[in-house]
Amino acid sequence: GCGSGVIGMLAAKHGAAHVDMSDVSWLALDCARLGVETNGLGAACTVIASDLYSDLGDDARYDLILSNPPFHAGHSVDTAAAEALIGGARERRAQGGALRLVANRFLAYNKVMQKVFGKVDVVKEDTRYWVLEGRG
């Protein structure tokens, strides 16, 4: 989900022609809508109530899917949402598109992404985080 919408708004501010931001949480959607309005990004951003890809429309395809997926369920680590996001990304990409996500390094998303995309690039990393990209 888009959470507060920071990643989507930054994409719009850095030149994305259009950004769909989706989340299942009404609180997150309200925050994202407020951020879009406050930053004057209404022409570039659409905030959509959707559980991952379910309500984006069957034909929705994206040049770039960006996420910092949640991994907490209370105090436990739960990567189910991220794994579902990754699993559905291949068919939701436009031709030549990519999934790019930021995550804690201890989360083995690189292996999950490799199963879906074949090849995963580390775009940026430090000792705690990495940005991974899957294409193909």
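The legends below describe close-up views of one predicted model. Local features need pLDDT of at least 70 and side-chain atom pairs count only at pLDDT 80 or more, while totals for chains, interfaces and linings use all residues. Residues are numbered from 1 along each chain as its sequence is written, and side-chain values use heavy atoms, with hydrogens and water left out.

**View 1. The largest nonpolar core and its most connected members.** A nonpolar core is a set of buried Ala, Val, Leu, Ile, Met, Phe, Trp, Tyr and Cys residues joined through side-chain atoms within 4.5 Å. Buried means under 20% relative accessible area, exposed over 50%, and partly exposed in between (1.4 Å probe, protein chains only). The core has 21 residues, of which I86, L99, L101, Y109, M113 and F117 touch the most other members. At least two residues each come from β3 (62–67), α3 (80–92), β6 (93–104), α4 (109–117) and β8 (129–135). Helices (H or I, at least four residues) and strands (E, at least two) are DSSP runs, numbered from the N terminus. Another core, of 13 residues, lies apart from this one and has C2, L29, C45 and V47 among its members.

**View 2. Surroundings of M113.** Contact means heavy atoms within 4.5 Å. With neighbours within four places in sequence left aside, M113 is in contact with I86, L99, L101, G118, V120, L132, E133 and G134.

**View 3. Packing of α3 against α4.** The axes of the two helices are 9 Å apart, at an angle of about 25 degrees. Axes are lines fitted to C-alpha atoms, for helices over the stretch in contact, and angles run from 0 to 180 degrees between N-to-C directions. The helices α3 and α4 are therefore roughly parallel to each other; angles under 35 degrees count as roughly parallel, over 145 as roughly antiparallel, 65 to 115 as roughly perpendicular and the rest as oblique. From α3, the residues A82, E83, I86, G87, A89 and R90 meet Y109, V112, M113, V116 and F117 of α4.

View 4. The whole structure contains zero disulfides, a disulfide being a pair of cysteine sulfur atoms within 2.5 Å. For C2, the nearest cysteine sulfur is that of C31, 9.2 Å away. C2 is buried, at 18% relative accessible area, whereas C31 is partly exposed, at 37%.

**View 5. N104 in strand β6.** With a relative accessibility of 16%, N104 counts as buried. Not counting residues up to four places away in sequence, N104 touches F71, R128, Y129 and W130.

View 6. A49 is found in strand β2 and is partly exposed, with a relative accessible area of 32%. Its contacts, leaving aside neighbours within four places in sequence, are D23, W26, L29 and D55. The phi of L52 is near 55 degrees, a positive value in a residue other than glycine. L52 is partly exposed, at 22% relative accessible area.

**View 7. N39 in the loop between α2 (26–38) and β2.** N39 is partly exposed, with a relative accessible area of 37%. Leaving aside neighbours within four places in sequence, N39 is in contact with M9 and K13. N39 and M9 are 30 residues apart in sequence, and their C-alpha atoms are 8.2 Å apart in space.
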